[in-house]
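Please keep the sequence and the 3D view open while reading.

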Amino acid sequence: MAYGKYTGFKGWLYKGSTPYINFALHRLTAMGIILFVGVHVAASFSMQQTLGTWGTTINIIYESWWFQIAVIFCVLFHTLNGLRVVILDIWPQLLKYSRETVYLQWAVFIPIYLLTIFILVMNGFGGSA
Amino acid sequence: MRARYVPQRGINLDYLMWLFTRISGVGIVVLALIGLGAAMYMGARLQMDLPTVLRWTFFPNPNHVVNSNVPDVTLGWANAFWQIMQFLIIVFAFTHAANGLRMIVEDYVGHTFWQPFIRALFALLLIGMVIVGIYVVIGSAY
């Protein structure tokens, strides 16, 4: 984004559509992962030093099956989109098919993610996570 | 409105970090796949549940899986090989993350008076996280 050019909410409606949505999601999931890992490191450090602190509370939330649904989304999307970007950087002649690579990425993402959610929810309600 | 700052061509911080982001990204995927394979080999069928497998995948530290049902957590789990793996994933992941955050912030902040301070803040965060990580790697149970 150019300096001093505030796009605001309309920036999200930018008509770059498919690859732009992936770009935005890549950044959002990156910040999600950093928030998750940063707080998890701090919480685990607190847990290691003193048992039964706020760290334990946070890590119990982190290990619950419903929280894993969001974590898995961030990790899996960021991984697959990162690999897509690396492949496009190594073979730039594929750039004219960038929209198709996004479709391919979602085609890989959706089955893996749905299967993971299915297992998480089944185990979550079944008792053994 | 001022002219956009364009860095010099050739080897500079942005080029090196661009390259490092790609290499470390693929590196983290490879490390995670090795960790996932080892976790499944060592006990995913009976002694470990899914969260434990994931904890070993992303940070192969014995203390990270201490609440699993693996009978002897030190057997095949705590040795120099896995310590090197932990160290690599810490350095790759935290540097990848600090640089990514720097890029996001600089996209909105631009080249201002504050840029060196922002970079210093992220460098300090990175050094702090790596120190905490190395403390955990070296201080873990054998």
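H1(A) passes H3(A) in a left-handed crossing; a crossing is called left-handed if the near helix is turned anticlockwise from the far one by less than a right angle, and right-handed if clockwise. This is a predicted model, in which local features need pLDDT of at least 70, side-chain atom pairs count only at pLDDT 80 or more, and totals for chains, interfaces and linings use all residues. Residues are numbered from 1 along each chain as its sequence is written, while chains are lettered from A and ligands numbered from 1 in the order in which they are written.

The two helices in that crossing are H1, residues 17–49 of chain A, and H3, residues 65–90 of chain A. Helices (H or I, at least four residues) and strands (E, at least two) are DSSP runs, numbered from the N terminus. The angle between H1(A) and H3(A) is about 130°, and their axes are 9 Å apart. Axes are lines fitted to C-alpha atoms, for helices over the stretch in contact, and angles run from 0 to 180 degrees between N-to-C directions. H1(A) and H3(A) are therefore oblique to each other; angles under 35 degrees count as roughly parallel, over 145 as roughly antiparallel, 65 to 115 as roughly perpendicular and the rest as oblique. On the H1(A) side, the contact is made by A:Asn22, A:Leu25, A:His26, A:Thr29, A:Ala30, A:Gly32, A:Ile33 and A:Phe36. H3(A) contributes A:Val71, A:Cys74, A:Val75, A:Phe77, A:His78 and A:Asn81. Two residues are in contact if their C-beta atoms, placed from the backbone, lie within 7 Å. Sorted by class, this contact of H1(A) with H3(A) has 8 nonpolar, 6 polar and no charged residues. Here Ala, Val, Leu, Ile, Met, Phe, Trp, Tyr, Cys and Pro count as nonpolar, Asp, Glu, Lys and Arg as charged, and the others, Gly among them, as polar.

One of the residues in this contact is A:Gly32, which lies in helix H1 of chain A. A:Gly32 is partly exposed, because 18 other C-beta atoms lie within 10 Å. The scale is as follows: a residue is buried if 20 or more other C-beta atoms lie within 10 Å of its own, exposed if 12 or fewer, and partly exposed in between, with C-beta atoms placed from the backbone. The C-alpha atom of A:Gly32 is separated by 26 Å from that of A:Phe125, 93 residues apart along the chain.

H1(A) also packs against H2(A), residues 54–63, at an angle of about 130° and with the axes 7 Å apart. These helices are therefore oblique to each other, and H1(A) passes H2(A) in a left-handed crossing. The residues in contact include A:Val39, A:His40 and A:Ala43 of H1(A), and A:Trp54, A:Gly55 and A:Tyr62 of H2(A).

Chain A as a whole has 4 helices and 0 strands. Of its 129 residues, 13% are buried. Among contacts in chain A with a separation of 6 or more, 59% are between residues 24 or more positions apart.

Chain B follows the pattern α-α-α-α along the sequence. Buried residues make up 25% of its 142 residues. H1(B) and H3(B) pack at an angle of about 140°, with their axes 9 Å apart. That makes H1(B) oblique to H3(B). Their crossing is left-handed. Among the residues making this contact are B:Phe20, B:Ile28 and B:Leu31 of H1(B), and B:Leu88, B:Ile89 and B:Phe92 of H3(B). The contact of H1(B) with H3(B) has 9 nonpolar, 8 polar and no charged residues.

B:Val30 is placed in helix H1 (residues 13–43) of chain B. Is B:Val30 buried or exposed? B:Val30 is exposed, because 12 other C-beta atoms lie within 10 Å.

Confidence remains to be described. pLDDT is the predictor's confidence in each residue, from 0 to 100. Its mean is 84 in chain A, where 85% of residues reach 70 or more, and 82 in chain B, where 85% of residues reach 70 or more. The model scores ipTM 0.83 and pTM 0.83.
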